[in-house]
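Please find below a colleague's note on the two-chain model under discussion. It is arranged as numbered points, with the conventions given where each term is needed.

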Amino acid sequence: MDGSSGRLWARAVLGAGLVLALAYPIPLQLSGYTYFQTVGFLVLLNAMLGVGWNVIGGWAGQFDFGPQVFFAIGAYIAAILFVHLGWSPWLGMLAGVLAAALICALVTYPLTRLRGHYFAIATVAIWMIAQPIGATWEFINGSRGLFIPIQTGQGVLGAVTSLQFVGRTKALGYYYVALGLLALTLFLARLVERGKLGFYFRAIRDDQEGAEGVGIDSRLYKVVARSITAAVFAAGGVLYGFWALAVFPEQALDLNWSTLPIMATVVGGIGRLWGPVLGAMILIPISQVMSTTLGTGPLAGRGIDLIVYGVIIVLIAALRPTGILSLPWGRWARRLVRTS
Amino acid sequence: MTLLLQAVVNGLEMGFLYALVAVGLTIIWGLMEMINFAHGEFLMLGMFGAWWLSVTFGLDPLVSLVPVGLAMYALGVLIYQQLMRRVQRGDPFTQIFATIGLLFLLQNSAVAVFTSDYRYLSNTVLTRLSGSSLRLLGVSLGVPLLIGALLALGLFLALYLLIDRTEFGLALQATAEDREAAMLVGIRPQHMFAVAWGLGAALVAVAGAILSNFFAVFPQVGLSFTVLAYAIVALGGFGSILGTLLAALVVGVVQSVTTVYLPPAFKDAFVFASYILIGLLRPQGLFGRF
């Protein structure tokens, strides 16, 4: 079995996955069990954030624990433009993405003087500084936050252009928007991975001095990598803000917006394009199903669901520390072909 | 002016306790370069241990910090041997993943056993002394916090001597420096890592037992201390024990002075702003070797 049939296998898996992802919410819509569409939305959103984090964490190899700052910047900018100026959320998303990438570049450039763990704590520092600003800045309503009024458009096209879905189709609509954004993110990430940028990032990760020796400006390209990550997080923040119909500091700056995508990336396979997608498909449903089954009933509020979740995470880490995509899938596929 | 001086003194007292909270992380993260997101959960377990021993057996936290420290040493070694030793084979990011799982597990086990209620210790030696203070040059020193601070300082200096002046400490540093070379001279790295995790867990749990005199005990208390401890270790410089002490004092003073002039929400923001400022001037931390 040579490389081309391996690629064939990859295409087949990809095609089947795409069909499944497109068809997934339809039986749920017909049966009215839309809760699992929301789970699907959260999987897609976290997968998208994970693909974004993979750029700075997986390829450029920098510890970044503060991308949630840019999630919040995106969410706030789109919400303010919508509430105060009546801008379309899609225009707001564009503005939020550009602003987040620019702010990230300005903030991160000085921080790149710090390396390794010192840089990691600096990204945490920006988050710690952003929190009280978000909670006290009156322009963005302080800790009360912004509420997004419902102004949905007519018909399917109107709903999509207004990025607002209400009633029975709410979960369905946001699911497909998230799927589209994830597909776009994966497409762009693939371009980065295959292109000049991807090589520069990996060169800096593997040997910073060596990369500088061949003329790669490591500080510049670390900033570029983090700004790409920031742009993806900002887009995710806009989507989440309109889904939640509110943006407030405790929600938008929640630590989960960095830990969940990082965990999804690590569990799927860090530095691999599809790693975060696989990781999110494993982690998010487990946590959601846990909290609806073990988190309710007589033992509600005793954290049983999170204990089990913690045990599962610990087991995955201990049994497969290099990520699930690092398993010998190719060899297994070959064996399957030979035996059949 | 007295207000400022008072704030500085209070900050220094708190700083010594922060030093003991952070020094366990200096060993695990700063020296052995392993990431532990559950550091604050060890502190939380130490607080609950002291609270439980006080409520059921009437042991004062100043006494129960011995059994609490020993139990947490065992837990730290166990966590390294059963979990982190395997995790070390993967990417460093896997350590983040694994210890976040550990954080969920430990924190929510405490929720399951003790519920999320806030608990306070009263009728301990230190809480009974509350209100008594020493006056010095117009500045008052709270006696309970002063005793806690001195205790923390004593433990801290003992650890410093252990790491810097004994054969065991040198073996630990050698393992951190170059694992293969350490093996060549007969040091077992796995053993050293296990001891480092044991020491790290025990020290922060002892700090938790002392802090249970001053702070509410509840399962979610850990995270804010974890974040602060990481800032202190990085500010002090990687692998430097005395750097950790100095950084902890800086953090205590910055927090305490900030709250005099600004809303309390900003106290950690200024700690982290000073981290960035100092980091830009000295990218290797105050006393870091690299």
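The points below take up the conventions, each chain, the contact between the chains, and one residue.

1. This is a predicted model, in which local features need pLDDT of at least 70 and side-chain atom pairs count only at pLDDT 80 or more, whereas totals for chains, interfaces and linings use all residues. Residues are numbered from 1 along each chain as its sequence is written, while chains are lettered from A and ligands numbered from 1 in the order in which they are written.

2. Chain A contains 16 helices and 2 strands, where helices (H or I, at least four residues) and strands (E, at least two) are DSSP runs numbered from the N terminus. Its radius of gyration is 21 Å, close to the 20 Å that the globule rule gives for 340 residues, so chain A is as compact as a globular protein of that length; the radius is taken over C-alpha atoms, and the rule is 2.2 Å times the number of residues to the power 0.38. Along the principal axes, the C-alpha atoms of chain A fill a box of roughly 55 × 55 × 45 Å.

3. Of the 340 residues in chain A, 47% are buried, a residue being buried if 20 or more other C-beta atoms lie within 10 Å of its own, exposed if 12 or fewer, and partly exposed in between, with C-beta atoms placed from the backbone. Among the contacts in chain A with a separation of 6 or more, 73% join residues 24 or more positions apart, two residues being in contact if their C-beta atoms, placed from the backbone, lie within 7 Å.

4. Chain B has 12 helices and 2 strands, and from the N terminus on its elements run α-α-α-α-α-β-β-α-α-α-α-α-α-α. The radius of gyration of chain B is 19 Å, close to the 19 Å that the globule rule gives for 290 residues, so chain B is as compact as a globular protein of that length. Buried residues make up 54% of its 290 residues, and 77% of the contacts in chain B with a separation of 6 or more are between residues 24 or more positions apart.

5. The strands of chain B, S1(B) (residues 133–136) and S2(B) (residues 139–142), pair in the antiparallel sense over 4 bridges; pairing requires that DSSP finds at least two bridges between two strands. They form a hairpin with 2 residues between them, and Leu137(B) in the turn has a positive phi of about 55°. Leu134(B) has Leu141(B) in S2(B) as its bridge partner.

6. Between the chains, 38 residues of chain B are in contact with 36 residues of chain A. On the side of chain B that touches chain A, H4(B) gives the most, with 14 residues. The residues of that side divide into 27 nonpolar, 7 polar and 4 charged, where Ala, Val, Leu, Ile, Met, Phe, Trp, Tyr, Cys and Pro count as nonpolar, Asp, Glu, Lys and Arg as charged, and the others, Gly among them, as polar.

7. The axes of H15(A) (residues 304–319) and H3(B) (residues 61–87) come within 7 Å and cross at roughly 55°; axes are lines fitted to C-alpha atoms, for helices over the stretch in contact, and angles run from 0 to 180 degrees between N-to-C directions. The two helices are therefore oblique to each other, since angles under 35 degrees count as roughly parallel, over 145 as roughly antiparallel, 65 to 115 as roughly perpendicular and the rest as oblique. Val314(A), Ala317(A) and Ala318(A) meet Leu83(B), Arg86(B) and Val87(B) in this contact.

8. Phe201(A) lies in H9(A) (residues 196–206) and counts as buried, with 28 C-beta neighbours inside 10 Å. Not counting residues up to four places away in sequence, Phe201(A) touches Trp59(A), Ala60(A), Tyr221(A) and Ala225(A).
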